[in-house]
Amino acid sequence: MNELQDVIGAIRPLRQEAKDAASVHLDNLTKPPGSLGKLEDMARQLAGITGEVMPDMSRKAIVVMAADHGVCEEGVSAFPQEVTRQMVMNFLQGGAAVNVLARHAGAEVVCVDIGVNADLEHPDLLSRKVRKGTANMAREAAMTREEALQAIRVGIEVADGLAGRGVRVLATGEMGIGNTTASSALLSVLGGIAVEEAVGRGTGIDDARWLHKQEVVRRAIEVNKPDADDALDVLAKVGGLEIAGLTGVILGAAKNACPVVIDGFISSAAALVASRLAPESQPYMIASHQSHEQGHGRMLEAVGLGPMLHMDMRLGEGTGAALCFTLMDAAGKIMREMASFESAGVSRG
Ligand SMILES: O=C(O)c1ccc[n+]([C@@H]2O[C@H](COP(=O)([O-])O)[C@@H](O)[C@H]2O)c1
Ligand SMILES: Cc1cc2nc[nH]c2cc1C
């Protein structure tokens with residue numbers, strides 16, 4: 001626990017003077033004050049995070065954490081478990097949606113095997129397997145507290161490594177058949193939200209399977225009795241290895257004063273855990289979009305975040321975060337390229 005406490009202790013509050021300087025700059029640009037809405041909010045937040053009014057955001061990475069879920073044996077997903085492994089190979093070949101959207105946004109994709117239930121090898125894969133998938137949380141704890149901590153540590157190390165080689169913005173992405181079940185359980189317990197509101201349709205299950213998935217989540221909570229006041233306990237008992245890894249990525253980003261763009265429902269479950277372990281990490285987060293998954297709105301509310309985009313996407317992988325990167329670049333260009341009232345000779349109101 002000491003190591004995690006050290007990381008949490010190293011997270012600094014945002015720099016108010018840089019935020020104020022960004023506000024002054026924005027209000028001098030040729031537009032009614034505040035009229036660029038969330039682009040202005042983002043520019044201010046980025047200044048507060050980095051301490052610079054016009055930070056260099058050119059190097060960006062999406063960390064895609066992949067893991068399997070024992071709860072799949074309960075029949076909670078529309079797809080078979082082997083899709084996790086197959087999609088990891090797709091990421092590594094550059095053919096998945098996140099690869100396309102990351103290329104579009106000028107970002108790199110870093111793929112991490114933190115718990116896939118298969119032996120995977122590829123020169124570009126970060127092999128950091130904590131265990132081969134979680135146990136079935138409907139019967140027993142998904143993992144031990146020590147395994148959850150180990151997975152968080154993996155995420156912190158990945159964030160440290162990227163920041164160390166000059167990456168300035170991080171984003172979360174994931175792949176794991178069954179992981180909307182774990183994320184829903186986390187939301188229900190940590191957010192105090194009824195199971196029927198927290199559980200959605202994931203990859204696209206029908207009504208009967210959706211009702212069954214709710215029962216599975218209820219059983220997982222009943223069997224494990226997670227302590228809602230102990231986020232690590234909840235994460236270990238009803239979470240997932242990729243969710244724990246992403247919790248570490250978020251805490252690591254905050255420690256390195258890097259903004260971290262949060263993708264969809266599962267990434268937001270990691271953000272919820274991170275915000276409970278370290279409330280000081282929350283100001284470093286940017287919610288890219290609100291996924292179509294039921295419960296994502298409540299999840300973002302529980303973290304205290306508002307989404308940049310509503311695109312009806314529900315893919316995960318980091319796809320929404322990749323789109324948000326393009327808005328971040330747009331905010332940077334506004335700060336750098338817009339004329340001021342003075343330089344353009346435009347009258348103020
Ligand atoms: O990001 C989201 O909001 C999202 C919503 C629904 C599904 N997913 C993706 O679909 C997979 C989990 O769905 P499921 O039905 O197997 O739990 C996992 O690989 C996620 O990346 C992602
Ligand atoms: C094909 C497929 C791709 C995905 N990417 C993220 N989750 C996914 C789930 C499926 C089923």
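Reply: Buried residues make up 54% of the 349 residues in the protein; a residue is buried if 20 or more other C-beta atoms lie within 10 Å of its own, exposed if 12 or fewer, and partly exposed in between, with C-beta atoms placed from the backbone. This is a predicted model, in which local features need pLDDT of at least 70 and side-chain atom pairs count only at pLDDT 80 or more, while totals for chains, interfaces and linings use all residues. Residues are numbered from 1 along each chain as its sequence is written, and chains are lettered from A and ligands numbered from 1 in the order in which they are written.

The protein averages a pLDDT (the predictor's confidence in each residue, from 0 to 100) of 98, and 99% of the residues score at least 70. For the complex, the predictor gives an ipTM of 0.99 and a pTM of 0.99. There are 15 helices and six strands in the protein; these are DSSP runs numbered from the N terminus, helices being H or I of at least four residues and strands E of at least two.

The strand to look at is β4, residues 169–175, where seven of seven residues are buried. Both of its faces are covered. Val169, Ala171, Gly173 and Met175 lie on one side, with Leu170, Thr172 and Glu174 on the other.

β4 pairs with β1 (residues 60–67) in the parallel sense over seven bridges; two strands pair if DSSP finds at least two bridges between them. Within this pairing, Ala171 of β4 is the bridge partner of Ile62. β4 also runs parallel to β5 (residues 260–262), joined to it by two bridges. Here Leu170 stands opposite Val260.

Met175 is one of the residues around ligand 2, along with Phe79, Val83, Met87, Thr203, Leu315, Gly316 and Glu317; a residue counts as near if its C-beta atom, placed from the backbone, lies within 6 Å. That shell has five nonpolar, two polar and one charged residues. In this scheme Ala, Val, Leu, Ile, Met, Phe, Trp, Tyr, Cys and Pro are nonpolar, Asp, Glu, Lys and Arg charged, and the others, Gly among them, polar.

Around ligand 1 there are 24 residues, of which Ser77, Gly202, Gly264, Ser291 and Gly316 come nearest. The elements giving two or more residues to that shell are β4, α7 (179–191) and α12 (265–277). α7 gives the most, with three residues. By class, the shell around ligand 1 has seven nonpolar, twelve polar and five charged residues.
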